[in-house]
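Okay, thanks for coming, everyone. Have a look at the screen first.

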Amino acid sequence: MIELKIEGATCQGCVNSIEKAIRQVSGVDEVHFSLETKIAQVEGSADKQALADAVEDAGFDVVDG
Ligand SMILES: [Cu+2]
């Protein structure tokens, strides 16, 4: 599992945007982003950098790459 810490999410709409962006990365089987912990947990074989790029393209900031 890959974990990404993401800043900039404030509501359920942000959660949906982040999860949608992550789901579109190849190799992602499942994703869950928690607004409380600000951590996205990603199952599958996706590349961590590709995930970070997708999240940033959606307008959020990934902390710790
Ligand atoms: Cu929002």
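Let me start with a definition: two strands pair if DSSP finds at least two bridges between them. The strands themselves are DSSP runs of E with at least two residues, helices are runs of H or I with at least four, and both are numbered from the N terminus. Now the housekeeping. What you see is a predicted model, where local features need pLDDT of at least 70, side-chain atom pairs count only at pLDDT 80 or more, and totals for chains, interfaces and linings use all residues. Residues are numbered from 1 along each chain as its sequence is written.

We have an open sheet of 4 strands in the order 2-3-1-4, with antiparallel pairing. Strand 2 and strand 4 (61–63) sit at the edges, and each has a single partner strand, so one side of each has no neighbour in the sheet. From one strand to the next, the twist averages 35°. About angles in general here: they run from 0 to 180 degrees between N-to-C directions, and axes are lines fitted to C-alpha atoms, for helices over the stretch in contact.

Let's go through the pairs. Strand 2 (residues 28–34) pairs with strand 3 (residues 39–44) in the antiparallel sense, over 6 bridges, and Glu30 stands opposite Glu43 there. That hairpin has 4 residues between the strands, and Lys38 takes a positive phi near 60°. Next, strand 1 (residues 2–7) is joined to strand 3 by 4 bridges, again antiparallel, with Ile2 having Val42 as its bridge partner. Strand 1 also runs antiparallel to strand 4, with 3 bridges, and Lys5 faces Val63 in strand 4.

On to the helices. Helix 1 lies across strand 1, strand 2 and strand 3, at about 160° to strand 2; contact here means C-beta atoms, placed from the backbone, within 7 Å. Helix 2 packs on the sheet too, touching strand 1, strand 3 and strand 4, and its direction makes about 25° with that of strand 1.

How do the two helices meet? Helix 1 (residues 12–23) and helix 2 (residues 48–57) pack at about 140°, with axes 9 Å apart. That makes helix 1 oblique to helix 2, oblique being whatever is left once under 35 degrees is roughly parallel, over 145 roughly antiparallel and 65 to 115 roughly perpendicular. The contact comes from Ile18, Ala21 and Ile22 of helix 1, and Leu51, Ala54, Val55 and Asp57 of helix 2.

Last stop: is Phe33 buried or exposed? Phe33, in strand 2, is buried, with 23 other C-beta atoms within 10 Å; the cut-off for buried is 20 or more, with 12 or fewer for exposed and partly exposed in between. Leaving out residues up to four places away in sequence, Phe33 touches Ile6, Val15, Ile18, Glu19 and Ala40.

Definitions and conventions
Contact = placed C-beta atoms within 7 Å.
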